[in-house]
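Dear colleague,

Please read it with the model open beside you.

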Amino acid sequence: MSDNPFADAFDTPGQHNQPILSVSELSGALKRTVEDAFSLVRVRGEISGFKRATSGHWYLGLKDENAVMDAVCWKGAAAKMDLRPQDGMEVICKGRLTTFPGRSKYQLVIESMELAGEGALLKLLEDLKRKLAAEGLFAPERKKPIPFLPKVIGIVTSPTGAVIRDIMHRLNDRFPRHVLLWPCLVQGKGAAEQVAQGIRAFNSIDGTQGVPRPDLLIVARGGGALEDLWSFNEEIVVRAAAESDIPLISAVGHETDTTLIDYASDRRAPTPTAAAEMAVPVRMELLAQVMDDGTRLVSAMNRLMDERNLRVKSAARAIPNPQRMVEDMTLRLDDRVERLDNSVQNLLQRQGMRVEQLASKIPAPGQQIQNAQERLLGRTQSLMSAYQSLLQRKHSQYDRTSALVRRKAVDDSIQRSTQKLSSLSALLESYSYKSVLDRGFALVTDNEGSAVTSPTGLNIGQELSIQFGGDNKLDVLVNGEGVAPTATPTPQRVAPKPKPKPKAAPRKKSPSPEQGSLF
């Protein structure tokens, strides 16, 4: 009997005897069958569509020229891998095959991953090299010179390998120096991070905590396969080497081995031993060179002294006898002193004669005073005449100016009086009762010209006069019933009286409401 519980049902030739399965039952049977048959497989393919989820899981596809398979690597397995997947990378994955019933798909659960051969590693290496070169990490102008004789050398390597012993042996043979070792892994998981940490740690030393700051760094490792040296191709190591402020020598592998740190370092050594030779010169050779330079310096000084002595002797033969030179100078000095005395006497005589000539030309002091007084008197008279003339001109100018000022003052006074008279005339006109009559009122007066303000006291047959606006006047008689006109009421225009002059005319009072009645 088969282990598959559904095998007999599948083999039954009659369809009416086959059991009816649910989708979940069939998917579960398929999942168990696939997982049992492919519980451990190794698959080779090219990574496609790689994605790292925020949870830490990896999702990717493995493909070749004919098929594509989905794959997943859970967070725990991904954290243990040294390889960082990229699209286009050819890898060999080990894991198990399973199905995903929710979507009727199958996928490979990856437990480990490695590059498929050296060709894939080289492709990855070239891609990273082009990327870092495009950023300028390998530019020649970034290279720093190696110090001739560093006091302190920092070495980043494994403390248990033969590399550190070879470097120390070569340094002690050539020129012993103070060495600081940063122990780290040089192969396997975490090696790249430790190497980068060592480079950055040496650069962070400032020399104030009792640990001297290195003048030179050496990153070293012995030879090996491409996979063994891969830690020195990691981006973190290359960037740490490029960012180092301390000059750095890379000595990774043998002479034929090349890693990316070689391009970022300031100098590449073919072997760790060669790095030690580059770091320090040979002490005995320096001593021999110093001795040779000292001998050559002494010989050069001796030759220089001999040459200077010869030149002094040659110059001494060309110098005359000093005693004769002193005698000649003494005779010349005596001659100059005698000639100087004679010259002084002649000069005094000539100056005395010139003084006498000048003295004869100078007038007597009394005559000079008299001449000065005459000049002063003449200038005083001229000044007085000029003062009198100026005073007369100023008086004339003052009289003209005063007349103009007085005339202008009179004109201004007349103008102000005229303006004031016009204002008063306008005010008087505004107070006149005629302007009230022009608005439709009337003034009633009796025969004597007195204003009638009330009908009380009027007699029948009494004549009254009514004056309207525009100098129109009407005579009326008082009867028992009212006022009747004495004749046909024809408007009578009274000739206007001529206006008196403002200064001569007496000011008339305008009739007040108590003096007249307006209708």
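Helix α5 (residues 162-174) and helix α9 (residues 272-279) pack at an angle of about 30°, and their axes lie 8 Å apart; here axes are lines fitted to C-alpha atoms, for helices over the stretch in contact, and angles run from 0 to 180 degrees between N-to-C directions. The two helices, α5 and α9, are therefore roughly parallel to each other, given that angles under 35 degrees count as roughly parallel, over 145 as roughly antiparallel, 65 to 115 as roughly perpendicular and the rest as oblique. On the α5 side the contact (heavy atoms within 4.5 Å) is made by Val163, Asp166, Ile167, Arg170, Leu171 and Arg174, and on the α9 side by Pro272, Thr273, Ala276 and Glu277. Sorted by class, the residues of this contact of α5 with α9 are five nonpolar, one polar and four charged, where Ala, Val, Leu, Ile, Met, Phe, Trp, Tyr, Cys and Pro count as nonpolar, Asp, Glu, Lys and Arg as charged, and the others, Gly among them, as polar.

The model is a predicted one, in which local features need pLDDT of at least 70 and side-chain atom pairs count only at pLDDT 80 or more, while totals for chains, interfaces and linings use all residues. Residues are numbered from 1 along each chain as its sequence is written, and side-chain values use heavy atoms, with hydrogens and water left out. Helices (H or I, at least four residues) and strands (E, at least two) are DSSP runs, numbered from the N terminus.

Turning to the strands, β9 (residues 248-252) is mostly covered, since five of its five residues are buried, meaning under 20% relative accessible area, with exposed over 50% and partly exposed in between (1.4 Å probe, protein chains only). From β9, Leu248, Ser250 and Val252 point one way, and Ile249 and Ala251 the other way. Strand β8 (residues 216-221) pairs with β9 in the parallel sense over five bridges, two strands being paired if DSSP finds at least two bridges between them; Ile218 stands opposite Ile249 in β9.

Finally, five strands close into a barrel in the order β1-β2-β3-β5-β4, with mixed pairing.

Best wishes
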